Amino acid sequence: MRSDADAIVANHLSYGYGNQAVLADIAFAVQRGEFFIIIGPNGSGKTTLLKLMSGILKSRQGGLDILGKPIRDYNRKALAKCLAFVPQTIPTEFPFTVLEVVLMGRSPHLGILGLEGQNDLEIAKQAMAFTGVAHLSHRRLDELSGGERQRVFIAKAVCQEPQLILLDEPTASLDLAHQTRTMDMMEQLKEEKGITVVMVSHDVNLGAMYGDTLLLLKGGEIVSLGKPEEVLTFQTLEEAYGCTLLVDKSPLGNFPRVTPVPRKFMLYV
Amino acid sequence: MTRQLNLKRISHDAAVPMLLKRLAIVSLSLLILLCGVMLLGLCMGSAESGFQAVVNALTGKKDGDPMMTAIIWQLRFPRVLMAVLVGAALSVGGLVFQALLRNPLAEPYILGISGGAAVGAIIGILMGFSRFPGVSATAFAGSMMTLLLVILMSSGETLLKKDALLLSGVMLNAFCSAIIMFLVSMAHDSRLHSIIFWLMGDLSIVDVGQVGILSALLFPCFILIFYLSHAMNLLLMGKEMAQTMGVNIRAVTVTLLVTTSFMVSITVANCGLLGFVGLVMPHLLRLLLGPDHRVLTPACALGGGAYMVVCDLLARVLPEQGEMPAGVITAIIGAPLFIILLKRSAK
């Protein structure tokens with residue numbers, strides 16, 4: 001299944017803490033320039049998988065190729081040049097400004113002191129304008145709202161000029177407006193710059209609306225992998241989440257809409 | 001560090017080769033401050049000497065009072081240089097601990113690292129070692145031991161929790177003090193008085209050779225830390241972020257912790273316990289310059305040196321007769337600051 005069109009290829013990938021297997025024999029491929037969303041219940045191994053792909057965790061079993069090369073053949077800096085990771089939160093005890101944080105995205109491209117040149121500043125400014133935080137560039141990170149902070153982290157990832165961006169539940173603590181704004185932004189990155197976006201998300205409906213491919217995990221194994229309408233069916237979702245769900249067609253277009261069914265409505269389903 | 005004065009940062013707008021420009025401006029201004037303070041340190045003391053006498057002595061004019069020239073060159077000059085080195089080492093040490101442990105309250109003395117070094121140093125002294133390399137080596141061993149202990153004690157489920165870290169440090173400090181008292185009371189010789197005076201942070205018995213060795217040992221450490229200063233910035237963005245930005249976290253952390261412990265131990269071996277020095281300058285400078293460690297590291301070295309010279313100067317001129325240990329002054333200034341910072345970080 002290896003091909004040049006693939007950004008990430010996982011083969012027999014396993015990972016465990018002690019005797020506990022978190023991921024068992026996973027295989028999938030992420031194509032270049034696609035929006036790939038990993039969904040699944042809590043503890044299904046989503047975040048572990050994302051950390052393996054970003055090189056934070058190292059797998060002892062199985063193969064993982066990034067852009068056609070085994071991840072273990074990359075040194076840290078080389079990987080950082082083609083892959084950016086956006087964690088859920090970033091500590092803010094030390095009051096860096098927005099510009100300082102975004103400029104840090106340049107460091108894989110620079111020497112050990114990370115001395116930024118005019119060119120780097122230009123890239124940082126473009127990244128900030130893209131995510132809509134340019135007006136905040138001299139504000140301190142700890143003064144910003146959650147949504148603004150998220151956009152700063154994404155600007156930092158964009159500033160890194162990667163071919164792949166990996167995000168760990170970027171919409172988890174955002175309101176509806178910020179959720180769609182973040183997702184729109186990632187879609188725009190995909191379409192305008194051809195960046196491959198891999199995202200862990202709890203929100204299956206965001207996955208349905210934006211994802212080119214969804215990966216549904218449960219207990220460290222793949223339940224389903226494919227287009228949203230293939231993955232988000234009543235059967236697969238019930239198998240993964242173990243609760244009653246209503247799946248119908250979204251009024252917005254040709255993709256499924258998932259509605260969890262509260263107990264009081266159970267009689268009518 | 002959540003609530004801070006919103007001071008304007010120096011030259012932040014033009015941004016780029018900006019960093020070097022900023023570094024130059026900051027370093028130069030602090031260097032001028034340092035030189036001014038050093039000059040003051042040379043002028044003042046129990047034997048009154050005017051500014052002119054210092055200038056004469058420094059420029060090597062023979063028309064000055066030879067006695068005065070000797071005092072300035074052989075007593076005050078090494079002492080002032082020593083204060084600069086020690087202040088720089090402890091301030092940079094505080095800066096590094098604060099960044100690595102991501103705790104604005106971390107400081108070699110508070111974490112018990114200095115205490116461990118002191119225990120090691122006293123053992124070395126009692127075993128009759130010379131200051132270099134014997135006592136310095138035992139001090140280093142002591143500080144590494146406490147560093148390991150404090151990290152082991154405070155790393156639980158979530159690595160290095162804020163409160164656990166400080167509590168472990170306080171506990172270790174108390175334990176080290178007890179061992180020091182025990183060792184001191186076991187010693188029955190004439191060195192007792194000098195040990196106690198040394199313990200409280202003393203810069204009075206310094207010769208030029210000692211200053212030379214210390215600077216030869218400290219300068220490579222400063223350069224190494226400056227070299228890793230951008231990695232420290234990235235580490236403050238969280239371990240996962242730093243790792244995916246190309247930082248070898250383990251190598252950088254271990255190198256920095258060992259280097260700072262080494263710096264702290266050799267200053268302790270020479271000048272005893274000077275508490276809270278690593279708190280004052282890093283915080284003041286972070287407030288003025290922002291948290292970029294590429295600027296803060298040289299700034300803390302220069303500013304910390306100046307701060308220590310002032311503390312030592314106060315220790316020399318405040319008492320009516322004789323002098324007090326410089327550690328008394330640093331604690332009087334530093335301990336209240338610690339409490340203020342603690343209150344602020346609790347909010």
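**Figure 1. Helix H8 of chain B, from end to end.** In this predicted model, H8(B) covers residues 208-227, 20 residues in total. From first C-alpha to last, the helix reaches 28 Å, close to the 28 Å expected at 1.5 Å a residue. Look for B:Leu214, B:Leu218, B:Phe222 and B:Ile225, the buried residues of H8(B). An α-helix has 3.6 residues a turn, so residues three or four places apart point the same way. And what do the buried residues of H8(B) pack against? Four helices of chain B: H3 (66-100), H9 (229-235), H11 (249-271) and H13 (293-317).

**Figure 2. B:Ala118 and the largest nonpolar core.** This core has 180 residues, and B:Ala118 is one of those that touch the most other members, along with A:Val102, A:Ile165, A:Leu166 and B:Val84. Helix H3 of chain B supplies the largest share of the core, 17 residues. As a rule, in soluble globular proteins, nonpolar side chains tend to be buried together.

**Figure 3. Where chain A touches chain B.** Here 30 residues of chain A are in contact with 30 residues of chain B. On the chain A side, the elements that give two or more residues are helix H2 (76-82), strand E6 (83-86), helix H3 (98-104) and helix H4 (118-131). H2(A) gives the largest share of that side, three residues. By type, the chain A side splits into 16 nonpolar, eight polar and six charged residues. For the complex, the predictor reports an ipTM of 0.89 and a pTM of 0.87.

**Figure 4. Helix H5 of chain A and its cover.** H5(A) takes in residues 146-159, 14 residues reaching 20 Å from first C-alpha to last, which is close to the 20 Å expected at 1.5 Å a residue. The helix is mostly covered, with 11 of the 14 residues buried. Those buried include A:Arg149, A:Gln150, A:Arg151 and A:Lys156, as well as A:Val152, A:Phe153 and A:Ile154. The cover over the buried residues includes E6, H3, H4, strand E7 (164-168) and helix H6 (176-193), again from chain A. Just after H5(A), A:Glu161 takes a positive phi of about 50 degrees.

**Figure 5. A:Met186 within helix H6 of chain A.** A:Met186 sits in H6(A). Is A:Met186 buried or exposed? Buried, because 23 other C-beta atoms lie within 10 Å. Setting aside residues up to four places away in sequence, A:Met186 touches A:Phe35 and A:Val197. A:Thr97 is 89 residues from A:Met186 in sequence and 23 Å away in space, C-alpha to C-alpha.

**Figure 6. Chain A as the setting for these views.** Chain A contains nine helices and 12 strands. Its C-alpha trace spans about 60 × 40 × 35 Å along the principal axes. Buried residues make up 45% of the chain. Among contacts in chain A with a separation of 6 or more, 64% join residues 24 or more positions apart.

Figure 7. Chain B averages a pLDDT of 83, and 89% of its residues score at least 70. Over residues 1-16 of chain B, however, the pLDDT is below 50. Beyond near neighbours in sequence, that stretch has 30 contacts in the model. Where pLDDT is low, the predicted coordinates should not be read in detail.

Conventions:
Residues numbered from 1 in each chain as written. Chains lettered and ligands numbered in written order. Predicted model: local features only at pLDDT ≥ 70, side-chain atom pairs only at ≥ 80, totals over all residues. Expected span 1.5 Å × (residues − 1). Buried ≥ 20, exposed ≤ 12 C-beta atoms within 10 Å, placed from the backbone. Contact = placed C-beta atoms within 7 Å. pLDDT = per-residue confidence, 0-100. Core = buried A, V, L, I, M, F, W, Y, C linked by C-beta atoms within 7 Å. Nonpolar A, V, L, I, M, F, W, Y, C, P; charged D, E, K, R; others polar.
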